[in-house]
Amino acid sequence: MTILRHTMWCPSYRHKTFPTQIFRKLLFAQDGHQVVVLDQSAFYPGGGGQPYDTGAINAARVTAVSLAEDGRMLHHLEDDMSFTVGEVVAGIVDWPRRLEMLQQHTGQHILSQAFFQLFGAETRGFRIFEQVAEIDLTLDGSQDELTAAIGQAEELANAVVFEDRAVRLHTVTPEEAAQLPLRKETFNTDCVRVIEIADFDWSPCGGTHARRTGEVGLIAVRGWERAKRMTRVQFVCGGRALRDYRAANQTATSVARRLSVGRDEALEAVARLLEEHKKLERRARALVELATQAEAQELLAATPVTPTPRVILRIFDDREFDEVKLLAHRLVADQGVLALLATRTRDLVRLVCARSADLPVEANTLLQPVCEQLGGRSGGKPEFAQGSGTRVAELERAMTEVMASLTR
Ligand SMILES: [Zn+2]
């Protein structure tokens with residue numbers, strides 16, 4: 001009794017259920033879950049970048065399928081089923097998952113051959129993830145060149161899909177394989193499983209495939225990046241491509257609705273909005289400058305010219321720190337001024353200490369104990385220093401102590 005693994009997951013096998021026999025039962029020591037070996041199996045055990053099948057054996061969920069070292073296929077069961085050796089059971093492959101995987105996998109054959117035919121680029125890696133699949137290509141060029149090349153390969157791949165070409169499985173000897181125009185090297189085995197996409201691609205492969213290229217559905221490139229001196233292309237095929245289109249369309253439509261424009265005008269509308277935003281930001285900055293200047297003049301007018309230093313202490317709530325720093329700069333542009341300003345939120349205080357050029361005081365030395373008292377740190381120069389702390393409740397006391405030390 002051997003596992004018919006080379007024939008059972010071939011493309012001609014389209015039944016959702018298959019009859020089989022329990023050949024052996026095992027218990028996995030780590031977590032006690034049950035594993036069964038069948039006399040024949042249609043489950044794909046994973047490999048070549050493609051995940052394993054899931055499904056059921058009778059009513060027991062098959063959560064994973066793996067290959068043992070002796071080549072036997074292990075069906076990992078979620079439920080503790082009391083199967084007996086020799087019992088005839090029904091294996092059920094989760095068909096939506098299998099279809100999704102074979103669409104990505106066959107799509108990869110097509111896309112890889114498209115890159116090879118157009119640019120001589122070889123596929124060095126292939127992985128199917130939860131949302132996307134990716135291939136690593138020996139393809140190089142500038143950003144624009146790669147964008148154009150990937151677009152061309154995508155066009156060719158989809159043309160092959162639209163032509164609905166036959167996908168055929170051949171089992172050949174290594175000698176026969178050597179005569180075929182294979183895209184990649186064969187493995188060193190007695191017989192070689194070769195997948196042919198009519199008049200397009202020949203590849204040795206042990207995965208699951210579509211019967212015709214039409215079954216793959218749309219092949220859509222989602223994105224690409226340079227990785228490990230290769231070009232990594234992310235793509236989605238078939239049902240995934242449809243879901244991806246729906247999600248992208250919904251995003252674009254929702255953005256457009258918020259901007260009160262049609263979907264295809266959204267990009268232009270966002271560009272306009274960003275431009276306006278930039279203008280407003282520039283205007284806001286100019287207004288803050290003016291307001292800060294006026295505020296500084298007001299504070300200076302309220303502070304007597306003698307004695308020096310003319311100490312200005314202020315605590316602000318939730319004020320932008322950049323604004324507070326700007327105010328400090330404006331204040332010390334005048335003579336004999338020492339400014340210690342703080343802005344606080346519920347759990348953070350940020351402080352700035354600045355002094356006029358004519359004062360001998362060191363702002364950084366002055367600020368350091370204040371920030372330490374607030375449980376934080378400070379840094380800067382004698383003329384301008386800044387810091388922060390998290391003991392917000394200590395702020396007023398710390399400021400009062402500084403004031404007292406200056407007037408002593
Ligand atoms: Zn394959």
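Helix axes are taken here as lines fitted to C-alpha atoms over the stretch in contact, with angles running from 0 to 180 degrees between N-to-C directions. The structure described is a predicted model.

The protein contains nine helices and 18 strands. Its radius of gyration is 35 Å, well over the 22 Å that the globule rule gives for 408 residues, so the protein is more spread out than a compact globule. Along the principal axes, the C-alpha atoms occupy a box of roughly 105 × 50 × 40 Å.

Helix α2, spanning residues 95–119, and helix α5, spanning residues 239–258, have axes that come within 8 Å and cross at roughly 90 degrees. Angles of 65 to 115 degrees count as roughly perpendicular, and α2 and α5 are therefore roughly perpendicular to each other. On the α2 side, the contact is formed by Glu100, Met101, Gln103 and Gln104, while α5 contributes Gly239, Arg240 and Arg243. By class, the residues of this contact comprise one nonpolar, three polar and three charged.

Two or more of the lining residues are supplied by each of α6 (266–301) and α7 (321–332). The largest share, five residues, comes from α6. Six charged and three nonpolar residues make up the lining of the second largest pocket, with no polar residues.

Key
Residues are numbered from 1 along each chain as its sequence is written. This is a predicted model: local features need pLDDT of at least 70, side-chain atom pairs count only at pLDDT 80 or more; totals for chains, interfaces and linings use all residues. Side-chain values use heavy atoms; hydrogens and water are left out. Helices (H or I, at least four residues) and strands (E, at least two) are DSSP runs, numbered from the N terminus. Angles under 35 degrees count as roughly parallel, over 145 as roughly antiparallel, 65 to 115 as roughly perpendicular and the rest as oblique. Contact means heavy atoms within 4.5 Å. Ala, Val, Leu, Ile, Met, Phe, Trp, Tyr, Cys and Pro count as nonpolar, Asp, Glu, Lys and Arg as charged, and the others, Gly among them, as polar. The radius of gyration is taken over C-alpha atoms; the globule rule is 2.2 Å times the number of residues to the power 0.38.
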